[in-house]
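Student: I would like to go through this model term by term. Please set each value against its cut-off.

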Amino acid sequence: MNGGTVLPLVGRPDRIQRVATNLIEIAAVSKVYDTSQRGRHVALSEISFDVAEGQFVSILGPSGCGKSTLLYIVGGFVDATSGSVRVSGAPVTGPGPDRGPVFQEFALFPWKTVLGNVMYGPLQQGLSRTQAATRARELLGLVHLTKYESFYPKELSGGMKQRVALARTLAYQPKILLMDEPFGALDALTRKHLQNELLEIWERDRKTVMFVTHSVEEAVFLSDRIFVMTNSPGRIRKVFDVALPRPRVRAELLVDRRYQEMVVAIEKLMDEQEPELS
Ligand SMILES: Nc1ncnc2c1ncn2[C@@H]1O[C@H](COP(=O)(O)OP(=O)(O)OP(=O)(O)O)[C@@H](O)[C@H]1O
Ligand SMILES: [Mg+2]
């Protein structure tokens with residue numbers, strides 16, 4: 001089954017049974033890095049899958065299996081050695097406003113306030129200052145940072161910075177969110193809050209999301225589909241369709257047998273393969 005199937009039902013009646021199309025088409029993508037230590041290193045080998053519009057897809061796999069590389073290729077930040085990525089039918093040749101990266105290393109502008117950071121994208125897109133501020137404030141409300149709009153990044157906690165980064169990317173309204181372990185560095189409680197907020201935002205806007213994580217629970221909680229990768233060279237090992245109902249409530253999922261069984265099945269699969277330690 002490829003990604004171009006009818007989406008799972010969601011809460012809003014007007015969005016139920018929306019006909020899905022493949023927004024992202026990844027076809028036989030391979031990536032070979034020329035490295036000083038290891039010579040030619042095949043990071044990705046023949047990765048092919050489609051992501052339907054509005055789908056939330058997670059990528060799991062051992063450290064070094066090429067998850068970030070794949071996301072960077074879809075984002076247009078790194079070129080594939082062979083194969084192709086199409087977004088809305090057009091080949092990816094570089095970054096674009098249709099794909100919003102939420103990467104840990106994409107730091108906030110330290111010289112801008114929280115509001116200034118979030119207004120940046122809309123201003124670049126030609127909105128007036130008033131329009132940009134309205135949009136930015138709406139998003140800051142969504143990520144519960146209204147009270148912090150005049151703070152500077154250095155005055156925020158790690159979790160708050162991640163919230164601002166998410167709001168900043170959402171502010172220029174990309175069709176696709178590319179998220180590379182966005183919550184990886186956070187404490188468990190903040191991470192749960194942010195997962196809930198992300199789900200809330202996603203259930204509202206139904207953006208297409210490619211989400212890289214090391215957490216099986218996080219992937220099952222958030223996703224429609226999960227791709228588990230093999231290590232070195234990175235390939236798709238197994239695809240899991242997460243047929244859990246939405247909207248998802250953590251407390252209900254934790255006692256849901258389908259959730260538990262999927263977490264265990266994926267954990268088991270991943271335990272069978274140790275990460276490359278060299
Ligand atoms: N710019 C680069 N030059 C050379 N090799 C690279 C480069 N970027 C990544 N690699 C190699 O490609 C492989 C995949 O790296 P990548 O960062 O995509 O893995 P990952 O799955 O995101 O790992 P992690 O879970 O640790 O973030 C690794 O073996 C890494 O050493
Ligand atoms: Mg990575």
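**Contacts, burial and the ligand shell**

Tutor: Start with Val74. Beyond its neighbours within four places in sequence, Val74 is in contact with Ile24, Val85, Val92, Arg99, Leu178 and Met210. In contact means that the C-beta atoms, placed from the backbone, lie within 7 Å. This is a predicted model; local features need pLDDT of at least 70 and side-chain atom pairs pLDDT 80 or more, while totals for chains, interfaces and linings use all residues. Residues are numbered from 1 along each chain as its sequence is written, with chains lettered from A and ligands numbered from 1 in the order written.

Student: Why does Val74 count as buried?

Tutor: The cut-offs are these: buried is 20 or more other C-beta atoms within 10 Å, exposed is 12 or fewer, partly exposed is in between, with C-beta atoms placed from the backbone. Val74 has 22 C-beta neighbours inside 10 Å, so Val74 is buried. Val74 lies in helix α1. Helices here are DSSP runs of H or I, at least four residues, and strands are runs of E, at least two, numbered from the N terminus.

Student: Why is Ala28 called exposed?

Tutor: Ala28 has 12 other C-beta atoms within 10 Å, so Ala28 is exposed. Ala28 sits in strand β1. Its phi is near 50°, a positive value in a residue other than glycine.

Student: And what makes Gln173 partly exposed?

Tutor: Gln173 has 15 C-beta neighbours inside 10 Å, so Gln173 falls in the partly exposed class. Gln173 is in the loop between α4 (158-171) and β7 (176-180). Phi of Gln173 is positive too, about 55°, and Gln173 is not a glycine.

Student: How do you know that β1 and β2 pair?

Tutor: Pairing takes at least two DSSP bridges between the strands. β1 and β2 have 10 bridges and run antiparallel. Ile24 has Val51 in β2 as its bridge partner. A hairpin of 3 residues joins β1 to β2.

Student: Which residues surround ligand 1?

Tutor: Among them are Tyr33, Thr35, His41, Gly64, Lys67 and Thr69. β1 (22-35), β2 (39-52) and α1 (67-75) each give two or more residues to this shell. α1 gives the most, with 3 residues.

Student: How do the shell residues divide by class?

Tutor: The shell has 3 nonpolar, 8 polar and 1 charged. Ala, Val, Leu, Ile, Met, Phe, Trp, Tyr, Cys and Pro count as nonpolar, Asp, Glu, Lys and Arg as charged, and the others, Gly among them, as polar.

Methods
A residue is near a molecule or strand if its C-beta atom, placed from the backbone, lies within 6 Å of it. Two residues are in contact if their C-beta atoms, placed from the backbone, lie within 7 Å.
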